[in-house]
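Below are some comments on the cross-links and ring contacts of this model. Please read them with the structure open.

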Amino acid sequence: MLRHWHVSFLSFCFFFLFLFLFLWTPYDEISATRTFSVDLINKTCKTCSDKSTVFNYTFCSASLQEIPVSRTTNLQGLAIVAMELALQNATHTLSVIKELRRNETWDHPFASACLRDCDVLYSDGVITLVDAVAAFLEGKYGSAGAWLTAVMDGTTTCEEGFGDMEEASPLTEQNYSVFQLCDVALCIVNLLVSHA
């Protein structure tokens, strides 16, 4: 219950942060800023894609541009958008896992064990993402990066658990999305560190 309240409160804070970032931009500069920010999104996603073989440029660009506030913000704002999206996706994935566990129709007990492991990984992952955002907002980019990496490792462990047991994963899409969103945020955090 406490964890749920903590995540809900953080999402509420993000809303006001995004609203502030939007309102902070003068009205006559919004159009120019939007163009600049779309360019910033594409440039950032391209830079990150060039640095990694697993980074998905298309996923990055589409995910960030889907959120209106990302079109009127800076690099720090893009990092927050990516982390908020990762948090939302991780929270949703945790709900999916719990629903699958409630309605288990698995023929093999190993699949049930894998879901249990993913439940633990995502329960921890949601809290870890909250910690990552808090660290980022405090300017502790190294800690934020470490937390994001931990969540990425959790999604990989969840997915590989099914493969190790020769079971089809029902969470492939969710694991991929959370991994990629964390990777977007991590790359932006690293860019901020390198330009500090």
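1. A disulfide joins cysteine 118 to cysteine 158, with an S to S distance of 2.1 Å; note that the model is predicted. The angle about the S-S bond is 105°, and the link of cysteine 118 and cysteine 158 is right-handed. Cysteine 118 lies in helix H5 (residues 109-137) and cysteine 158 in helix H6 (residues 141-164), so the pair ties together parts 40 residues apart in sequence. Cysteine 118 is buried at 1% relative accessible area, and cysteine 158 is buried at 2%.

2. The structure holds 3 disulfides. Another one joins cysteine 45 and cysteine 60, with sulfur atoms 2.0 Å apart. Its S-S torsion is about -70°, so this disulfide is left-handed. Cysteine 45 sits in helix H2 (residues 30-51) and cysteine 60 in helix H3, 15 residues apart.

3. Cysteine 48 is bonded to cysteine 187, S to S 2.0 Å. With a torsion of about -100°, this disulfide is left-handed. The bond links helix H2, which holds cysteine 48, to helix H7, which holds cysteine 187, across 139 residues.

4. In sequence order, the bonded cysteines pair as 1-3, 2-6, 4-5. Cysteine 114 is in no disulfide, and the nearest cysteine sulfur, that of cysteine 118, is 6.7 Å away. Cysteine 114 is buried, with a relative accessible area of 5%.

5. There are 2 aromatic pairs. Phenylalanine 59 and tyrosine 176 have ring centres 5.9 Å apart and planes at 85°, so they are edge-to-face. Phenylalanine 59 is buried at 18%, whereas tyrosine 176 is partly exposed at 37%. The rings of phenylalanine 136 and tyrosine 141 have centres 4.9 Å apart and planes at 20°, so that pair is stacked.

How values were computed: Residues numbered from 1 in each chain as written. Predicted model: local features only at pLDDT ≥ 70, side-chain atom pairs only at ≥ 80, totals over all residues. Heavy atoms only, no water. Phe/Tyr/Trp six-rings, centres within 6.5 Å; stacked < 30°, edge-to-face > 60°. Buried < 20%, exposed > 50% of the residue type's maximum accessible area, 1.4 Å probe, protein only. Disulfide = S-S within 2.5 Å. Helix = DSSP H or I, 4+ residues; strand = E, 2+ residues; numbered from the N terminus.
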